[in-house]
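We will take a short walk through one protein model, stop by stop.

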Amino acid sequence: MLSVQNLYTEYPNDKGETVKAAQDICFEVPEGKLFTLLGPSGCGKTTTLRSIAGLERPKSGVISVNGTTVYSSANNVFVAPNRRNFGMVFQSYAIWPHMNVFQNAAFPLEVGTKRFSKKEIHDKVMRVLTAVGLDQFADREATKMSGGQQQRLALARALVMEPKLLLLDEPLSNLDAKLRERMRFELKRMQRELGLTTIYVTHDQSEALALSHEIAVMSTGRIAQIGTPRDIYERPRNKFVADFVGLTNFIEATVEGPDEGENSYRVSTGIGQLKTTAYDSFSKGDAAVISVRPEDIRVHEHQRPEGVNVFEGTVAFKVFLGEYLDLQIKVGNREVLARAHPSIKAPVGDKVYLSLDPAKCICIVDDPKLKKAA
Ligand SMILES: Nc1ncnc2c1ncn2[C@@H]1O[C@H](COP(=O)(O)OP(=O)(O)OP(=O)(O)O)[C@@H](O)[C@H]1O
Ligand SMILES: [Mg+2]
């Protein structure tokens, strides 16, 4: 298990100021799980990963793996990166130019403390090369490969040792969309099969949702929320997370008070009164934001449906996307985006009814500390 407690890492910038690149980072990754650091460019993902690897010296905190402390500011412990025995793929991956593909992938096995027979090395290397789709290139000089192929080779080299901790920094960023999806699938299969404890860094939310057991969403050096992919998507804790992961509508609101049912709150908004769900506690008069995803807004063409959270609106704009229909709908003096079944025929200008499931109208706070980095 990996444990990161109260990690702070900072850099001096050109002007002599300090950049607080990672602040108060705390998380734990159980053995065999894949944990993702997700966030926009500059939010501190690479800094956190490099601190775990020992390539940056944090200012304070504690990092331990399977009970062994590899960094502790209080006890003055700093284990050198090469003694941590982690497998790594960097954002700017490096392959060894004077070796062919096979030799590159076999290198960690050749120089490691554990001895392997020629046959063992061959089998292990060919297994990882096959997994990343490079088995037919085993004899090719590594430099005579495309960027995406080199990236896959870097991944194979990190996997071949079956390390106790695998650190991957945007390992699929140089692949085209099709290949990225195939590799995502392969990576997930291998990670699960071999039970490799993995920290995965990405700014791609669908990659994070598809691969992870748990995700930490980061903003400006801090963790904005940790949770399972479903938690992060369905129960965002703040506006930053709701906005960064997936598409959503925000409706400014004032809390009126608790409503019938668990975690239920009544709020007033510019489009009217709403029944919502909150996972934090709110008091009457609190300013809040309601996040409701386009797919959680039902569109009804002819009849006003029964129930709560029903509003009348006008179709302002529509986009047909094959498997679904995106409708911009004017309600009062604002617009909301609804993702509807393509069978909805209402043309622009027509009256429709919207119903918003109270369980999917999430009442959250707008934390000013969590803003998108430049
Ligand atoms: N060596 C360095 N010296 C000074 N500042 C740095 C250094 N490395 C990173 N930073 C700064 O620290 C902050 C976090 O950078 P980091 O590389 O961790 O971001 P990231 O989340 O990995 O972004 P990206 O998605 O663009 O790779 C940024 O403001 C960055 O400019
Ligand atoms: Mg980075």
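The tour below visits some strands, a pair of helices and several salt bridges. Keep in mind that this is a predicted model.

**Stop 1: strands that pair**

Select residues 2-12, strand E1, and then residues 60-65, strand E4. These two strands run antiparallel and are joined by 5 bridges.

Zoom in on Val65 and you will find Thr68 of E5 as its bridge partner. The hairpin of E4 and E5 has 2 residues between the strands, and Asn66 there takes a positive phi near 50 degrees.

**Stop 2: two helices side by side**

Next, select helix H4 (residues 147-159) and helix H5 (residues 177-194). How far apart are their axes, and at what angle do the helices pack? The axes lie 13 Å apart and the angle is about 0 degrees. Angles under 35 degrees count as roughly parallel, and H4 and H5 are therefore roughly parallel to each other.

To view the contact, show Arg152, Leu155 and Leu159 from H4 together with Leu179, Arg182, Met183, Leu187 and Met190 from H5. This set divides into 6 nonpolar residues, no polar ones and 2 charged ones.

**Stop 3: opposite charges**

Side chains of opposite charge can pair when their charged atoms come close. The structure holds 14 salt bridges, so let us look at a few of them.

Start with Glu141 and Lys144, whose closest N and O atoms are 3.5 Å apart. Glu141 is partly exposed at 41% relative accessible area, while Lys144 counts as exposed at 55%.

Then pick Arg266 and Glu256, which meet at 3.3 Å, N to O. Arg266 sits in strand E13 and Glu256 in strand E12, 10 residues apart. Arg266 is partly exposed, and Glu256 is partly exposed too.

Now go to Arg339 and Asp326, with closest N and O atoms 2.8 Å apart. Arg339 belongs to strand E19 and Asp326 to strand E18, so this pair ties together parts 13 residues apart in sequence.

Finish by selecting Arg127, Glu186, Arg189 and Glu193, which salt bridges with shared partners join into one network.

Terms used. Residues are numbered from 1 along each chain as its sequence is written. Chains are lettered from A and ligands numbered from 1 in the order in which they are written. This is a predicted model: local features need pLDDT of at least 70, side-chain atom pairs count only at pLDDT 80 or more; totals for chains, interfaces and linings use all residues. Side-chain values use heavy atoms; hydrogens and water are left out. Axes are lines fitted to C-alpha atoms, for helices over the stretch in contact, and angles run from 0 to 180 degrees between N-to-C directions. Helices (H or I, at least four residues) and strands (E, at least two) are DSSP runs, numbered from the N terminus. Angles under 35 degrees count as roughly parallel, over 145 as roughly antiparallel, 65 to 115 as roughly perpendicular and the rest as oblique. Contact means heavy atoms within 4.5 Å. Ala, Val, Leu, Ile, Met, Phe, Trp, Tyr, Cys and Pro count as nonpolar, Asp, Glu, Lys and Arg as charged, and the others, Gly among them, as polar. Two strands pair if DSSP finds at least two bridges between them. A salt bridge is a side-chain nitrogen of Lys or Arg within 4 Å of a carboxyl oxygen of Asp or Glu. Buried means under 20% relative accessible area, exposed over 50%, partly exposed in between (1.4 Å probe, protein chains only).
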